Amino acid sequence: MQTELNRKPSVVFFSDIVGYTRLMGQDENAAFELMKLNLKIHQEVLANYRGTIIKELGDGILAVFETVPEALSASLEIQKICLAESKYKLRVGLQSGEIIFDHGDVFGDAVNVASRIQSVGVPSSIVFSDRVCKEIVHDEFFQTVKIGSFNLKNVSQTIELYSLTNPPLEVPKRAEILNNIKYQESNPWKSWVTIGGVFILVAMLIYSIFWNGAVWEKEKSVAVLPFVNLNGGSELDYFTDGLTENLIGQISKINSIKTISYSTMADYKNHNLPLDSIAEALQVTTILKGTVEQLNPGYRFKLQLIDAKENKNIWTDEYTREGTDLTQLQNDIAREIAKILDVNLTAEESIQIGKGETSSAEAYDLLFRAKSLYNEGFGDPQLFFDAAELLKKAIALDPNYALAYTLLAKTYFQIAFDEPNGNWYDMSLEMSSKALELEPKLAEGYSARGIVYYDLGQYTKAKNTLETALSFYPNLSDAIGNLATIDFVQGNLFEALQLQTKSSNLGPNSHLPYQNIGWIFKILGKQNEANQWFDKSLEISKNPVTYELKANSLIEQGKKSEALKLLGNISLQDSAEYNLRVAGSILFYSGDYDSAFKVWDISIRRNIKVGFDKYYSTPINYAYLLTKKGDSLRADSLLNAAVQVKIEAMSLGSEDYYLPLDIATAYAVKGQPFEAMKYLQIAYDRGWRDYFFTEFNPAFEKLRSDNRYIKILKKIRTDIDSVNQKLTSTSLQRDK
């Protein structure tokens with residue numbers, strides 16, 4: 001269907017560096033520096049005259065203005081600066097008329113005419129048509145001279161040309177322009193290039209009118225493959241990986257573009273898979289490929305955006321950048337992708353792209369090096385400390401580098417796992433506070449803050465903080481996953497399922513969203529769906545928690561023998577702590593109490609020496625087995641120790657339901673029904689909905705006929721029915 005075109009009267013500006021091609025052949029680095037300087041001058045001047053740069057054309061600039069006086073004033077100022085610099089000279093051509101704005105580009109006769117006018121001028125001149133001149137006939141500031149009428153190449157009508165004569169401009173002679181026209185006609189290759197350029201412009205215009213949407217009428221989604229290091233070796237890998245991660249972060253700030261997370265895309269580094277296979281696996285329509293080549297100085301970047309299904313290029317471009325220009329590159333590319341996929345950025349998205357970045361190339365490089373260490377730190381925690389030192393150096397170089405503070409906050413948070421007795425959480429919160437002082441709307445800063453609150457069990461604070469992050473950056477995958485978990489813990493199963501589904505779409509190579517979706521379906525009584533999600537999670541990671549949840553689902557279905565078979569996937573040879581807990585749990589809920597006792601006994605003897613942590617539930621069910629063996633004294637000692645730790649954690653502000661649920665179980669084992677029901681009600685109020693842990697726990701056998709217990713279970717089942725009704729009335733399951 002033909003779309004309505006955006007037409008607007010404008011002044012088209014073309015400038016071109018004289019002799020640039022020759023200079024490129026003599027000294028490529030010098031030519032590159034010249035092009036950078038030229039762009040900077042244009043950007044600074046045009047900003048003062050409401051001019052808009054449409055594109056760089058190698059050594060030239062295409063821009064548009066709203067009025068002729070502004071266009072001429074900007075042109076004159078640019079020429080004055082160039083002459084003062086004495087490094088190069090420009091030709092400038094102008095034409096006014098109605099042009100078409102489409103996907104960040106411009107089309108129309110005025111564009112072609114302005115290009116032709118510029119090409120026949122002389123160095124340090126500003127040449128324009130009679131249409132432009134008519135707009136300033138009463139403006140005494142602009143001094144003009146008529147050069148004459150000319151038949152320009154590929155322009156159907158004769159054009160009367162004028163030149164601005166304000167000092168220090170050069171004024172072309174008629175003979176010079178005629179010679180330039182003749183020269184173009186005598187060089188066939190230039191004619192073909194010009195014809196080719198016009199053909200492309202026309203083709204693009206026709207395309208925009210009749211075939212617009214071959215890509216952007218499809219789903220707006222992209223997977224950014226890790227950039228390829230063309231220099232070879234691994235020295236540049238930290239930079240290519242960091243750039244890939246940053247670019248994904250910037251594109252994902254555009255809510256209407258589904259962008260696969262970096263944690264997933266990192267798995268495709270050095271891949272040899274067909275692009276359509278990758279696109280199908282990730283459920284995206286486009287793939288962005290890129291290469292990075294280190295120059296001396298700077299870097300060259302080449303990019304391709306590919307329609308994966310049709311295996312055709314949608315867009316290609318090449319950038320050469322260094323220094324402070326590097327930090328802007330990722331933002332420019334993100335905006336270009338939005339144009340290609342026909343996405344209009346909201347005001348907030350425009351603000352968020354590039355927010356918190358630095359203008360220091362050295363600080364930018366240090367952050368990339370720190371990111372590389374941070375991502376490797378999950379295998380070697382010492383690397384988190386090394387990353388922190390690099391980030392401190394980056395902040396010393398640029399004390400306003402908000403994203404460096406954010407990554408340092410996340411790094412301190414990770415260190416806290418291995419150094420629980422330090423003040424790392426406080427240090428993390430301090431760093432995220434500094435980031436938000438610098439950038440009050442920095443989504444990454446709120447996300448870094450939210451995970452600390454989450455880990456401390458302060459879910460109300462965590463939820464508010466993460467929701468704030470997502471209000472600025474709706475596709476921030478870390479925040480989505482953490483908020484989904486909080487909703488789950490608080491009993492908001494429908495909302496948790498929505499967020500986990502979104503998380504799995506953005507990060508399809510992460511096992512956690514699938515594991516959590518499976519858990520929600522298990523609670524909802526949809527065991528077949530639950531096991532499908534568990535299996536999908538296990539395809540990605542043989543995580544013991546997923547095996548435990550799948551075993552619980554099988555036990556609920558009366559398939560204890562199948563649940564016990566899952567133990568073959570959980571290695572106990574190295575006595576891994578969490579494997580012991582999980583294996584003992586599967587054995588316990590399957591009714592093999594003797595085997596559960598033997599496995600758990602190893603864990604208890606190991607942990608009793610260092611003290612129990614607040615989430616260590618094993619002593620409670622182990623104590624139940626001790627009572628069955630007649631060792632009530634030891635059982636009571638373990639129960640008292642576990643309850644004390646958990647009550648203390650609750651008094652310090654931890655809001656999750658696990659703690660009161662464990663305390664309720666402990667009091668059930670102790671034979672104190674009043675206390676057991678008190679804490680079970682607290683667990684429900686905080687969000688506990690998985691009644692498997694009471695209905696299939698023998699410690700609650702005597703309490704299941706208690707009216708208080710029956711009342712709580714009735715509430716849970718009512719809540720579950722409500723969620724199932726919502727699922728029936730929405731497309732969530734169909735969309736997953």
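**Figure 1. Thr264 and the residues around it.** Leaving aside residues up to four places away in sequence, Thr264 touches Leu282, Gly507, Pro508, Asn509 and Ser510, where contact means heavy atoms within 4.5 Å. Thr264 itself sits in helix α9, residues 262-265. Helices here are DSSP runs of H or I with at least four residues, strands are E runs of at least two, and both are numbered from the N terminus. With a relative accessible area of 1%, Thr264 is buried. Buried means under 20% relative accessible area, exposed means over 50%, and partly exposed lies in between, using a 1.4 Å probe and protein chains only. The side chain of Thr264 also reaches the backbone nitrogen of Asn509 at 3.2 Å.

A quick note before you go on: this is a predicted model, in which local features need pLDDT of at least 70 and side-chain atom pairs count only at pLDDT 80 or more, while totals for chains, interfaces and linings use all residues. Residues are numbered from 1 along each chain as its sequence is written, and side-chain values use heavy atoms, with hydrogens and water left out.

**Figure 2. The whole chain, for orientation.** How many helices and strands does the protein chain have? There are 33 helices and 14 strands. The C-alpha atoms fill a box of roughly 115 × 55 × 45 Å along the principal axes. Of the 736 residues in the protein chain, 53% are buried. Take the contacts between residues at least 6 apart in sequence: 64% of these join residues at least 24 apart.

**Figure 3. Helices α29 and α30 side by side.** Helix α29 (residues 658-670) packs with helix α30 (residues 673-686) at an angle of about 160 degrees, and their axes are 8 Å apart. Each axis is a line fitted to C-alpha atoms, for helices over the stretch in contact, and angles run from 0 to 180 degrees between N-to-C directions. α29 and α30 are therefore roughly antiparallel to each other. Angles over 145 degrees count as roughly antiparallel, under 35 as roughly parallel, 65 to 115 as roughly perpendicular, and the rest as oblique. The crossing of α29 and α30 is left-handed; that is, the near helix is turned anticlockwise from the far one by less than a right angle, whereas clockwise would be right-handed. On the α29 side, the contact is made by Pro660, Leu661, Ile663, Ala664, Tyr667 and Ala668. On the α30 side, look for Glu675, Ala676, Tyr679, Leu680, Ile682, Ala683 and Arg686. Sorted by class, the contact of α29 with α30 has 11 nonpolar, no polar and two charged residues. Here Ala, Val, Leu, Ile, Met, Phe, Trp, Tyr, Cys and Pro count as nonpolar, Asp, Glu, Lys and Arg as charged, and the others, Gly among them, as polar.

**Figure 4. Helices α15 and α17.** Are these two helices roughly parallel or roughly antiparallel? The axes of helix α15 (residues 402-418) and helix α17 (residues 443-455) come within 8 Å and cross at roughly 15 degrees. That makes α15 roughly parallel to α17, and their crossing is left-handed. Leu403, Thr406, Ala409, Lys410, Phe413 and Phe417 in α15 meet a set of residues in α17 that includes Ala448, Ile451 and Val452. The residues of this contact of α15 with α17 divide into seven nonpolar, two polar and three charged.

**Figure 5. Helices α22 and α23.** Helix α22 (residues 527-540) and helix α23 (residues 544-556) pack at about 160 degrees, with axes 10 Å apart. That makes α22 roughly antiparallel to α23. Among the contact residues are Phe534 and Leu538 of α22, together with Tyr547 and Leu549 of α23. By class, the contact of α22 with α23 has five nonpolar, five polar and three charged residues.

**Figure 6. Two cis peptide bonds.** Which bonds are cis in this view? One runs from Pro167 to Pro168, with omega near 5 degrees. Pro168 lies in the loop between β8 (159-164) and α6 (174-186). Another cis bond joins Asn296 and Pro297, with omega about 5 degrees, and Pro297 lies in the loop between β12 (286-294) and β13 (299-307).

Figure 7. Arg50 is not a glycine, yet has a positive phi of about 55 degrees. Arg50 lies in the loop between α2 and β2 (52-57) and counts as partly exposed at 46% relative accessibility. Asn270 has a phi near 60 degrees. Asn270 is found in the loop between α9 and α10 (275-282) and is exposed, with a relative accessible area of 74%.

Conventions:
A polar contact is a pair of N or O atoms within 3.5 Å; within protein, one must be able to donate a hydrogen and the other to accept it, and residues adjacent in sequence count only if both atoms are side-chain atoms.
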